[in-house]
Structure formats: C-alpha cells, structure tokens
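Q: Can you walk me through this model? I am new to it.

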Amino acid sequence: MIGYSKMRIRWQYLLVWICLSPLAPTSGAADGSRVTQGLSVLYDFREESGQVIHDRSGVAPPLNLSIGNPDAVRWETDGLVIHRQTKIVSQRAATKIVAAVKRSGELTVEVWMQSKDLSQSGPARIVSLSGDATHRNFTLGQDRRKFDVRFRAAETSENGLPSTATPDNHVRKSLTHVLFTRNRAGETRIYIDGDQVVRKRNAGSLSNWDASFPLLLADEATGQRSWRGTLRLVAIYHRALTKAEVQKNFRVGAQADAAPQQASTRENWFARAAPILVEHCVECHDAPTRNGGLDLSHRTSALAGGDSGPSIQPGDPRDSFLMHTIESNDMPQNRPPLSAEEKEVLKQWIANGAHWGREYLDPVLYSHNAPAHQERWVQRLTAEEYVAAVQAAVGVDVSDVAGEILPADLRADGFSNTAYNLNVDLKHVEAYARLAEIAVQRMDVGQFAKRFDKSRKFTDKTMGKLIENMGRWILRGPIEAHEVIAYRGISTTVASAGGGYEEAVGLIVEAMLQSPKFIYRVENQRGDGTAWPVSDYELASRVSFIVWGSPPDQELFQAASDGALQQTAGLNRQLDRMLTDPRAAERARQFVSQWLNLDSLDNLRPNRERFPNWDPQLAQDMKRETLAFFEQVAWTEDRPIADLLVAQVTFATPELAKHYRLRAKPAPADARPTTTGGADLHSRLMRYDLQADPTRGGLLTQGSVLTIGGDNASMVTRGLFVLHDLLRGVVKDPPPCVDTTPVPTEPGLTQRMIANARIKNEACGGCHAKFEPLAFGLERFDGLGTYSEQDVHGNRLLDEGRVLFPGEADSVAYRSSAELMKLLAENQRVQESLTWKVTQFALGRPLTIEDATVIEKIHREAQANGGSYRSLLKEIIKSDLVQLTATEIDSASDAGFPKTTK
C-alpha cells in the first residue's frame with residue numbers, strides 16, 4: 001500500500017451519539033373538535049383586521065400570510081372576503097409543508113369557502129403552493145362550476161397535469177366544504193360537503209417538490225390567476241385524512257375550535273397523576289396488600305376507600321383523605337415524602353374530577369417512564385446484526401473474527417438489543433475499523449463495484465455515481481449530496497497519491513462499513529413534533545431487522561424503491577415471503593435465547609459436592625432443548641405462542657433425558673426435530689412425547705428455565721421470573737426503612753418452608769407474597785431440573801399452590817405443576833405479556849404507557865389470526881409502532897427541523 005494507507009482515513013471517528021426525542025402521542029381529536037393529527041398549517045381568519053393572516057396550527061415555525069393590498073379584502077367576524085385581485089402570500093417559503101409532505105407522501109387540502117363568481121376559470125387559484133403559473137407543487141382552484149386540483153408528482157408535469165377535477169355544478173355561491181386528499185399509494189380524492197365526488201390516481205414520488213415555493217391564497221405569485229370569494233378556513237395536513245375524518249371536519253363546521261386541543265383529563269392522568277401513585281402508593285395499597293383496607297390499583301376500590309372511609313372525593317381535594325395524609329407527610333410511611341410538585345399534581349387531578357384512564361392502574365406501564373427511557377435512542381446494530389449486515393451488504397462473512405474483536409452486547413430490560421444500552425466506546429470504534437478492513441480484504445472489490453457501475457473511470461463524475469449507487473445499497477437508503485462529496489474525497493486522495501481504482505473503492509467501502517449510517521439504524525426525525533410515517537427505505541429496514549435481524553435483501557429494497565411497502569397487499573406479500581426464509585427462524589431463535597437468557601447456561605457451575613454427577617455438556621443440551629422446542633412449537637407448527645407453556649413435547653439428548661429422569665420414551669431412532677436449526681443445533685436431540693408424563697411439559701419444566709433458581713432451586717428467583725416475564729408484575733427493591741436481614745432458617749427445610757417463613761415475616765411478606773408462591777408448583781424440580789418427589793432430607797415435595805394474576809384481587813388455586821402451566825397458558829394477562837415481550841424485542845426498547853393502546857390492538861389482531869409468533873410479527877409491523885416515527889422541532893432553523901444528533 002502507498003503512503004495514504006498508513007493513516008488509513010479513519011472514518012470510524014465519525015461515530016457519534018445519536019439520541020432521539022420522545023414519541024409524540026398519535027391520538028385523534030376529541031368529539032366536537034377538528035382533526036389535528038398531521039396538521040401543518042391552519043388559517044381560521046378570525047383576525048377581523050390587519051394585513052397578516054396567522055397560522056394557528058400550533059406547528060412551529062408558524063407560516064403566516066401577508067395581504068399585499070388591504071383595500072382588496074374585507075374582514076368579517078368569521079372570514080375574509082376577497083373582492084379584488086391581491087397577493088396573499090406566506091412570509092417565508094413553505095418549507096415545513098414541503099418537507100412534511102415529501103416525507104409522508106400524503107397531503108390534505110381543506111377549505112371552507114364561498115365563490116363570488118361561478119365564471120372564474122384558469123383555474124382561479126384558491127390555495128396554491130407554487131412559484132408561478134406553470135410551476136407548482138399543488139393548486140386547488142376553481143374552473144367555472146368545478147373544482148380542479150393540480151398535484152405535482154414524478155408522473156405529472158411540473159404544472160401538476162393531468163389534474164383531478166370534480167364534475168360540473170360543485171362550485172356554489174353558498175358556503176361549501178371542499179377537501180382534497182392524496183395518499184401514499186397515489187390515490188387522489190375530492191370530497192364536497194363530506195361526500196366523495198371524484199377518485200383518481202396520481203402515482204409517483206414527490207422528490208421533485210420544490211421547497212422554495214411560497215404558499216398563496218386567491219392568486220398566483222404572478223398575479224395572473226386571481227380568485228374572488230370568501231375564505232372561512234384553510235387547513236393543510238401532511239397526511240391523507242380518512243373518510244371518517246373528512247366527515248367529522250365537515251360536521252363540526254367552519255367555526256369549530258380550530259386550534260389543537262389542550263391535553264384531556266385522561267391524558268393528564270396518564271402523564272402525571274398515575275406515575276406518582278404507582279411510585280409512592282400502590283406498592284402498599286394494591287389488591288393483594290390493601291394496607292389500611294385501601295386498594296388504589298383499581299378505580300372502583302380507590303373511590304370506595306379503606307378503613308378510614310372514602311379516600312378520594314372527586315372535585316374536592318380538601319375533603320380527600322388521600323390528600324390529607326400526603327400533605328401532612330404521613331404517607332408514604334417511613335419513606336421520603338412527596339415533593340411539592342407531586343403533591344400539587346395529585347391535588348389538581350382530584351380537583352379536576354379524579355378521572356381514570358383505565359380501570360386498573362398497572363404498575364408495569366410506568367416502570368420505564370424515567371427520563372432515561374423517555375428518550376428514543378438510535379438503534380445500534382448488535383454484534384449479531386452487524387455480522388449479518390456486513391454479509392448482506394458486501395457478501396462477506398466475518399462471524400469467525402467478530403466474536404473475538406467486537407465487545408459483547410450486554411442485557412438491559414431482559415434483552416441485549418435494548419437501544420439505550422447499546423453504547424459505543426473506543427473498543428467498538430477500533431473493532432469496527434478492524435472488521436471493515438477484514439471484510440474488504442476478503443472481497444473481490446472490482447467485481448463488487450460492477451454491481452453499481454460498470455465503468456472503471458477515476459473521474460469525479462463517475463466516482464460520484466458509483467458512490468451514490470453503492471452507498472444507497474450499503475447504507476440501506478439514498479445518501480445525500482454532502483455524503484457523496486465526503487466519500488469522493490477518499491478517491492481523490494487515492495488518485496493524487498498514485499493509487500488505483502480498486503484501492504479507492506475498497507477504502508470507500510471500508511469507510512461505509514464503519515460509518516454511523518451503517519452501524520446505527522439512523523432515521524430522519526426532523527418534522528413538526530408529531531408522529532409521521534417512516535420513509536419507504538426506513539420501513540424496509542425496520543421490517544427486515546424485525547423479521548431477519550439483518551438488512552433488506554434486493555427484493556425488499558426494490559419494493560421500498562417502488563413504494564410497494566406502503567400498500568397493504570405489497571407489505572403482506574413481502575412479509576409472507578420473508579417469513580419462509582431461514583433467517584426468520586434464526587431471528588426467532590435469537591428472541592427466545594435473549595428472553596430466557598440462554599447464554600447464561602454457558603457459565604453454569606453447580607456445586608460439585610452437591611451435584612457430583614454434573615456434566616457441563618448438559619448445560620448446552622438444555623440450551624439446545626429449549627431452542628428446538630421453541631422452533632418446533634412456535635415456528636414449525638405455528639401454534640399460539642402461549643402453547644410454549646403447555647406443549648407436551650420436548651427434545652433431549654440421551655444424557656439429558658437420563659438427567660431429567662424422563663418417564664417418556666424417545667421417538668424412533670431416526671426421528672429428529674422437524675425444525676430448521678441445522679445439524680449442529682439438533683445433533684443427538686431426540687423427540688419425546690410427554691402426553692403420558694405428567695411431570696413435564698412446557699418451558700417452565702425445562703432445565704434452561706429451572707436453573708435460574710441456582711443450586712438451591714430458589715423460590716425467589718423462579719418466582720420473580722414468572723412474575724416479571726410471564727405476568728408483567730412489578731416488585732420494587734426493599735425501601736431503606738425495611739430490615740432486609742434474611743429470615744433465620746435451619747437445615748432440613750424445603751424451599752417452600754423457607755419461602756413461607758419469609759412470606760409470614762412482617763418486613764418481607766408484603767413483597768415476597770407476590771412472587772414466591774408463583775414458584776411453588778416447581779418445587780419438585782431441583783436446582784438442575786431433575787424431578788423428585790422428595791428432597792435429600794426426606795421431605796415430601798409439593799407442586800400445588802396459588803397464583804395471583806396482576807389486576808386481580810383473589811388468587812387461583814392449582815393442584816399440580818400441569819395445572820399451573822394450564823392456568824398460565826390460558827390467562828389473558830400471560831398471553832398479553834408474551835405479546836409485550838415479542839414487541840419489545842422487535843422494537844429494541846422498553847415499552848411504556850404511550851405504547852399500551854397500540855399493543856392492545858396488536859394483541860387482539862394477532863389472537864384473531866391464531867396468536868402465533870408469525871401472526872404477532874405481522875401485526876407489530878403493521879402497527880403504528882413500526883409504521884410511524886417521532887419527529888422533533890427545532891424552532892431555530894428556518895424549516896423548523898432539528899439536526900438528528902446531540
């Protein structure tokens with residue numbers, strides 16, 4: 001290599017922390033008010049005087065309009081009458097509209113108006129986003145007795161032709177509601193007074209929209225297409241309103257409260273009051289604990305009160321016992337009192353009527369609402385995803401060295417792909433640089449370059465084209481002009497040093513493989529502060545990483561380029577195809593491996609004196625058992641995911657079957673798991689039908705789960721697993737005031753006896769009663785998963801107990817471990833919890849109260865389609881959690897959009 005190679009053009013130092021804003025709520029408008037979701041600008045003409053028409057959308061920056069000739073208009077209390085030609089034009093370019101519409105691919109233009117003259121033509125411009133009479137992004141105009149809309153897209157002229165027009169006789173001198181929509185699939189519609197009167201197709205991307213155009217009313221910028229009449233409301237949305245929303249806006253009328261509504265009492269409850277009660281009150285005042293006879297976890301019981309009478313008087317905090325105890329610092333007991341701000345929030349909540357968002361105050365919904373979790377971090381690729389991304393991008397497998405070079409990803413909130421925990425330090429930087437170098441060394445660089453440009457010229461123009469095409473593939477979407485210039489600097493440096501074409505391309509590829517856009521799943525979050533649809537390429541990347549754990553392949557990439565993923569049929573076609581690919585099964589195995597922390601089995605070191613016959617290979621057999629079982633039940637057989645808790649089948653080596661003391665006999669010798677894991681995963685595993693073996697069946701009876709209890713088969717850790725991972729229950733750490741000295745015990749007791757002593761202890765019982773009984777049904781399995789009906793001391797072991805499901809006041813009895821599994825599998829809470837787990841893994845972040853409503857819908861739809869892992873993935877991908885992204889406003893910029901980094 002020549003001189004420039006010694007400094008290695010260290011592109012890895014471009015790596016940055018990228019932190020995203022919290023997701024914005026996507027709820028629609030309340031009854032009686034206008035739809036505000038997706039609003040870009042709004043003019044209600046209530047100024048009554050002056051030369052400025054104010055943008056009342058509340059979306060920064062405001063796009064106010066100036067009236068060029070005040071004598072040409074007349075203000076009314078509810079509108080603006082335009083009786084002569086004048087220029088009404090935005091005070092700045094309508095960049096915020098253009099950026100939002102280009103991003104979403106959708107538009108709604110809504111006008112309440114009255115025409116003064118039914119002979120106006122041209123068409124006369126009512127609303128226009130244009131530069132002159134022949135160059136526009138869109139125009140809503142009047143052409144005599146019909147409305148005409150010109151909308152510029154890839155398949156139209158610069159003038160937006162061919163247009164979408166209504167039939168004659170829809171323009172009237174009376175008050176008329178006219179609304180135009182264009183959706184992402186290219187369908188255009190015009191509604192008159194809430195009824196659809198025309199539907200056409202205007203396909204193609206909006207990449208040719210001009211961000212320099214102003215917004216105009218009643219004329220063109222050139223003054224050649226004036227319109228006369230009365231405007232009472234003009235609104236522009238960066239999405240296509242649904243028919244129901246169109247009719248809603250029509251019903252509420254032109255003079256409805258047009259400004260975005262203040263947060264409702266329900267939203268205030270979710271956002272402010274509920275987390276305070278969860279943090280300070282519910283731990284002691286929930287259904288099973290009921291200190292003082294008070295249950296604050298349910299609306300009905302909270303309003304009913306406790307031993308001291310009613311605790312909450314809606315509308316009257318002064319007469320609410322809850323507020324008296326809080327303001328006097330009597331509650332919470334033996335803990336720091338609430339802050340003055342927290343007290344004021346609860347006081348105002350009660351004063352406003354103590355409205356509840358839902359019947360049950362579920363603590364888990366608020367367990368991740370701390371500031372560290374409210375931020376949306378850009379998703380760094382995990383080590384597995386990085387290896388898969390390199391393979392997909394350049395066709396090179398670096399898995400053999402990645403494990404040694406890349407630092408391991410650490411678990412957080414139960415998974416190792418949790419975004420806020422995927423940090424990058426100097427070790428990562430150096431690892432990415434080394435892996436990129438190795439990948440390029442293993443490539444045929446010249447052959448790879450031919451995929452994107454067959455020319456081998458070393459000119460700036462040719463290299464720019466190559467970089468643009470190659471970067472679009474490697475970096476999973478189009479790259480910007482400044483990026484092309486930056487990468488072209490590498491080829492310029494190589495050329496000036498006397499290097500060759502392939503050396504330059506190799507260094508460019510090396511730079512791309514360690515750039516932020518490759519290592520992170522970077523998305524554009526510039527917008528107006530609301531949730532917007534993700535771009536086509538961003539959606540393709542989200543879908544691919546959810547289903548495969550790797551980047552889009554060529555077919556998915558092409559579907560994104562064609563806009564096919566924005567159509568239900570196109571998305572379904574890709575999902576059906578992708579879910580038959582072996583990579584989907586591998587991603588499913590990654591889910592269960594992380595969820596159950598199967599890698600911890602690699603470090604299983606039981607006490608040799610207690611377990612003298614332990615063979616370390618059994619730990620690997622346990623891991624393979626669970627992976628094969630999960631794939632067979634949840635993937636190959638496509639059964640409801642809750643069946644993992646009761647499926648009467650398992651896969652074990654002869655040694656593991658002996659260790660378990662399985663009563664069942666293996667399938668014939670030639671039977672192997674009918675899964676796709678390959679020979680390495682399933683070698684020597686035999687299928688065991690457990691129908692006749694009441695001692696086993698389902699995940700909880702497998703060694704991979706049972707060993708979490710340690711050598712002593714701890715009821716604490718086993719119970720906490722059931723509580724956290726199956727019931728989505730919450731138990732906090734003991735408060736400082738609690739004596740955490742272990743309850744005295746003595747030799748010869750069973751783990752149930754020891755657990756019951758803790759439960760009866762005044763200091764420990766309040767919490768331990770919530771989770772230790774959940775493990776009572778597993779008492780007959782020792783710390784390594786071997787089944788016995790008595791322990792080493794001769795004590796009879798039991799598998800009966802009671803399970804308390806979160807949100808319920810009373811526990812449910814079970815008489816065997818099999819009954820426990822059946823109760824869990826059939827319980828709605830458990831089934832929902834499995835949905836939450838898969839969703840959390842798919843999104844790579846903890847879930848919060850903001851996600852709850854969407855996840856409830858995901859769960860309903862998935863259950864209606866069988867409740868399988870595949871059906872769940874499909875519903876997750878179709879949901880707003882994947883289809884939408886948060887946007888953030890930067891009021892300091894002209895367009896109102898922020899940079900994506902901090």
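**Loops, strands and helices**

A: Pro-61 lies in the loop between β3 and β4 (65–67). Strands and helices here are DSSP runs, numbered from the N terminus, a strand (E) having at least two residues and a helix (H or I) at least four.

Q: What kind of peptide bond runs from Ala-60 to Pro-61?
A: The bond from Ala-60 to Pro-61 is cis, with omega near -10°. A cis peptide bond also joins Gly-122 and Pro-123, with omega about -10°. Pro-123 sits in the loop between β8 (107–115) and β9.

Q: Before going on, what sort of model is this?
A: This is a predicted model, in which local features need pLDDT of at least 70 and side-chain atom pairs count only at pLDDT 80 or more, while totals for chains, interfaces and linings use all residues. Residues are numbered from 1 along each chain as its sequence is written, and side-chain values use heavy atoms, with hydrogens and water left out.

Q: OK, sheets. In what order do the eight strands of the open sheet come?
A: The order is β3-β4-β7-β16-β9-β10-β11-β12, with antiparallel pairing. Two strands pair if DSSP finds at least two bridges between them.

Q: Which are the edge strands?
A: They are β3 (52–53) and β12, each of which pairs on one side only.

Q: How many bridges join β10 to β11?
A: Six bridges join strand β10 (residues 136–143) to β11, and the two run antiparallel. Asp-143 has Lys-146 in β11 as its bridge partner. The two strands form a hairpin with two residues between them, and Arg-144 in the turn has a positive phi of about 60°.

Q: And what does β10 do with β9?
A: Strand β9 (residues 124–130) pairs with β10 in the antiparallel sense over six bridges. Ala-124 stands opposite Gln-142 in β10.

Q: Is β11 mostly covered or mostly open?
A: Strand β11 (residues 146–151) is mostly covered, with five of its six residues buried. Buried means under 20% relative accessible area, exposed means over 50%, and partly exposed is in between (1.4 Å probe, protein chains only). β11 also pairs with strand β12 (residues 164–165), antiparallel and over two bridges. There, Asp-148 has Ala-165 in β12 as its bridge partner.

Q: Now β14. Which strands is β14 joined to?
A: Five bridges join strand β13 (residues 176–182) to β14, and six join β14 to β15. Both pairings run antiparallel. In the β15 pairing, Thr-188 has Lys-200 as its bridge partner. Five of the six residues of β14 are buried.

Q: What about the turns on either side?
A: β13 and β14 form a hairpin with four residues between them, and Gly-186 in that turn has a positive phi of about 90°. The hairpin of β14 and β15 has two residues between the strands, and Asp-193 in that turn has a positive phi of about 50°.

Q: What is Asp-193 in contact with?
A: Leaving aside neighbours within four places in sequence, Asp-193 is in contact with Arg-172, Thr-176, His-177 and Phe-250. Contact means heavy atoms within 4.5 Å. Asp-193 and Thr-176 are 17 residues apart in sequence, and their C-alpha atoms are 6.4 Å apart in space.

Q: Switching to helices. At what angle do α17 and α18 pack?
A: Helix α17 (residues 536–547) and helix α18 (residues 554–562) pack at about 150°, with axes 8 Å apart. The two are therefore roughly antiparallel to each other. That label covers angles over 145 degrees, while under 35 is roughly parallel, 65 to 115 roughly perpendicular and the rest oblique. Axes are lines fitted to C-alpha atoms, for helices over the stretch in contact, and angles run from 0 to 180 degrees between N-to-C directions.

Q: Which residues meet there?
A: Asp-536, Tyr-537, Ala-540 and Ser-544 in α17 meet Leu-556, Phe-557, Ala-560 and Ser-561 in α18.
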